[in-house]
Every structure is written in C-alpha cells, then in structure tokens.
Amino acid sequence: MEEDIQKILKDFDEMRPICEAFTQKIDGLIQELLDSSFVGVQSVTSRTKEKGSLLNKLSRNGEKYKKLEDVTDLSGIRITCWFLDQIPLVEKIIKDNFRVIEELSIIVCLITFKFPPVLKSITVS
C-alpha cells in the first residue's frame with residue numbers, strides 16, 4: 001500500500017500543473033454556462049487538491065486508490081446559490097453539460113438578518 005501511495009503522490013506532482021489548468025478552465029466554463037442561462041449565483045469558487053490533502057486522503061483510504069486516476073476530486077468547484085430555488089437550475093446545467101460520475105451531498109446555508117442560519121442538505125444525483 002505504501003508503494004501505491006508514493007507512486008500516486010509522484011504522479012500527482014507531475015500532473016498538478018495540468019490539474020490546476022483544468023480547474024481554472026472548468027471554473028470559467030461553469031461561470032459561462034451559468035451566465036448564459038441567466039442564473040445569478042452568489043459565487044463560483046474552485047480549488048485543486050493540495051498534495052498534503054491528497055496524502056491525508058490516501059492515508060485514510062489508501063486501499064481504495066491504486067493509481068492517481070482513482071482519485072476523483074483532484075479539482076473541485078463550489079457553486080453558492082442565493083436562493084434554494086436556484087439549486088435545481090444549477091443542477092440541471094451541470095447534468096446537461098457534464099457526465100456526473102459520483103453522487104455528492106450539497107450543504108446550503110442561507111443567512112438572513114432576521115433569522116439564524118438555516119442548514120439544508122440535499123443530494124445531487
């Protein structure tokens with residue numbers, strides 16, 4: 001297992017610049033798709049997984065990952081909606097333009113001045 005982890009980390013070091021470029025490209029594409037669909041979200045943020053975070057993930061779940069391609073979250077995009085009714089619109093845009101390979105949970109936090117924050121959990125399928 002330790003050999004697999006070291007190989008994955010080495011491969012990640014080599015691929016990280018490509019992952020960063022991919023993350024930026026997808027971020028821009030999603031923003032364009034949202035803009036062209038007139039869905040005004042609060043923000044679109046992105047990140048490329050850091051090597052330390054990858055090492056922690058592999059250490060916890062190492063047997064699950066045999067090669068870098070097994071790790072599906074090297075790039076991440078977060079879309080923050082202003083309103084709950086925007087979520088199905090965003091979900092449709094994502095599903096219409098990307099192949100969804102994994103079901104994820106989305107946590108939506110609505111903060112108003114009159115009420116305490118409301119936490120709502122939904123599943124994207």
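Student: Which residues does Lys49 touch, once those up to four places away in sequence are not counted?

Tutor: Contact here means heavy atoms within 4.5 Å. By that test Lys49 touches Phe12, Arg16, Leu54, Lys57, Asp73 and Leu74, with residues up to four places away in sequence left out. Before we go on, note that this is a predicted model, in which local features need pLDDT of at least 70, side-chain atom pairs count only at pLDDT 80 or more, and totals for chains, interfaces and linings use all residues. Residues are numbered from 1 along each chain as its sequence is written, and side-chain values use heavy atoms, with hydrogens and water left out.

Student: Where is Lys49 found, and is Lys49 buried or exposed?

Tutor: Helices (H or I, at least four residues) and strands (E, at least two) are DSSP runs, numbered from the N terminus. Lys49 is found in the loop between β1, residues 43-48, and α2, residues 51-61. For burial we use relative accessible area, where buried means under 20%, exposed over 50%, and partly exposed in between (1.4 Å probe, protein chains only). Lys49 has a relative accessible area of 6%, and is therefore buried.

Student: Which side chain forms a salt bridge with Lys49?

Tutor: Side chains of opposite charge can pair when their charged atoms come close. A salt bridge is a side-chain nitrogen of Lys or Arg within 4 Å of a carboxyl oxygen of Asp or Glu. Lys49 forms one with Asp73, and their closest N and O atoms are 3.3 Å apart. This pair links distant parts of the chain, since Asp73 lies in the loop between α2 and β2 (75-80) and Lys49 in the loop between β1 and α2, 24 residues apart.

Student: Which residue joins its side chain to that of Lys49 by a polar contact of 3.4 Å?

Tutor: A polar contact is a pair of N or O atoms within 3.5 Å; within protein, one must be able to donate a hydrogen and the other to accept it, and residues adjacent in sequence count only if both atoms are side-chain atoms. The residue you ask about is Ser53, whose side chain meets that of Lys49 at 3.4 Å. Ser53 has its place in helix α2, and with a relative accessible area of 33% Ser53 is partly exposed. From Ser53 to Leu74 the C-alpha distance is 9.9 Å, although 21 residues separate the two in sequence.

Student: Which residues of α2 are buried, and against which element do they pack?

Tutor: The buried residues of α2 are Leu54, Lys57 and Leu58. They lie on the same side of α2, because they cover an arc of only 95° around the axis, the arc being that of the directions from the helix axis to the C-beta atoms. These buried residues pack against α1. Leaving aside neighbours within four places in sequence, Leu9 is in contact with Lys51, Leu54, Leu55 and Leu58. The C-alpha atoms of Leu9 and Lys67, 58 residues apart along the chain, are separated by 9.3 Å.

Student: How many salt bridges does a search of the whole structure find?

Tutor: The search finds twelve. One of them joins the side chains of Arg16 and Glu20, at 1.9 Å from N to O. Because Arg16 and Glu20 are four residues apart in helix α1, about one helical turn separates them. Arg16 is buried, with a relative accessible area of 15%, whereas Glu20 counts as partly exposed at 34%. In another salt bridge the side chains of Asp70 and Lys67 meet at 3.2 Å, N to O, and both partners count as partly exposed, Asp70 at 26% and Lys67 at 43%. Salt bridges that share partners also join Arg47, Lys49, Lys57 and Asp73 into one network.

Student: What pattern does the protein chain follow along the sequence?

Tutor: The chain has three helices and four strands, and read along the sequence these follow the pattern α-β-α-β-α-β-β. Buried residues make up 28% of the 125 residues. Among contacts between residues at least 6 apart in sequence, 66% join residues at least 24 apart.
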